[in-house]
Amino acid sequence: GERVCLIDVDTVFLRAMPQSIADSAAAAFVAYDVSSGPNPQHFDPDIRRDLELVGGIGIENPRWYGGELLAATSDRLRLLVDEIERCWPRYVANVGALHHIGDEMPVSAALNRLEIAGMQVVDAGRLGAIARWWPVRTAYPQPAFEDLQDRVILHLPGDKRFLASQAAAEQFQQRFSPGA
């Protein structure tokens, strides 16, 4: 389609996606910036160094984008794929020395490159669309669970196994299968 939205498998929708996300995705990239806001995560000098290494450029205001949600037009996603392909050889060459290994690193480096080139990235967290919440202690401060109930999507990375088991359950499949 014209607009595409990639959503991590360990997320839970609490309500329908608001039109503001679709409108933002028509004009820019929409991603979850976990390096800013009231509960910054994944930002320290190592991350900056790694983003610059993988991105192949200096980054004045580095941003770390979580893998929870990415929305844009199909044309913009093609630009992102091209940037990821430019970053990929540096990612692979340095993977053993990087602070973080996973898709968030090359995607964040590529989005930072696109921002430097003038593309806009809208933070889905500031739009109230998504929040990351861990049921266990983390190195990062996080809001109380009750404070996140107005979000559209909760990313629950600590509950991957539970969510996977629910997706395989017959009751879940009956409730959420197409046409149900």
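## Close-up views of a predicted model

**View 1. The largest nonpolar core.** The largest nonpolar core holds 41 residues. Phe29, Leu80 and Leu111 have the most contacts inside this core. The model shown here, as in every view, is predicted.

**View 2. The surroundings of Leu111.** Leu111 is one of the residues with the most contacts inside the largest nonpolar core. Neighbours within four places in sequence are set aside here. Leu111 then touches Phe29, Ala31, Tyr65, Leu70, Leu80 and Val121. Among these partners, Phe29 and Leu80 are also named for the most contacts inside the core.

**View 3. A tilted aromatic pair, Trp88 and Tyr91.** The structure contains two aromatic pairs. Trp88 and Tyr91 make up one of them, and their arrangement is tilted. The ring centres lie 5.1 Å apart, with 40° between the planes. Both residues belong to helix H3, residues 74-94. They sit three residues apart, about one turn of the helix. Trp88 is partly exposed, because its relative accessibility is 43%. Tyr91 has 7% relative accessibility, so it counts as buried.

**View 4. An edge-to-face aromatic pair, Trp133 and Phe145.** Trp133 and Phe145 also form an aromatic pair, and this one is edge-to-face. The distance is 4.8 Å centre to centre, and the angle between the planes is 65°. The pair links distant parts of the chain, twelve residues apart. Both Trp133 and Phe145 lie in the loop between strand E6 (130-132) and strand E7 (153-155). Trp133 has a relative accessible area of 18%, so it is buried. Phe145 is partly exposed, because its relative accessible area is 32%.

Conventions. Residues are numbered from 1 along each chain as its sequence is written. This is a predicted model: local features need pLDDT of at least 70, side-chain atom pairs count only at pLDDT 80 or more; totals for chains, interfaces and linings use all residues. Side-chain values use heavy atoms; hydrogens and water are left out. Rings of Phe, Tyr and Trp (its six-membered ring) pair if their centres lie within 6.5 Å; planes under 30 degrees apart count as stacked, over 60 as edge-to-face and the rest as tilted. Helices (H or I, at least four residues) and strands (E, at least two) are DSSP runs, numbered from the N terminus. Buried means under 20% relative accessible area, exposed over 50%, partly exposed in between (1.4 Å probe, protein chains only). A nonpolar core is a set of buried Ala, Val, Leu, Ile, Met, Phe, Trp, Tyr and Cys residues joined through side-chain atoms within 4.5 Å. Contact means heavy atoms within 4.5 Å.
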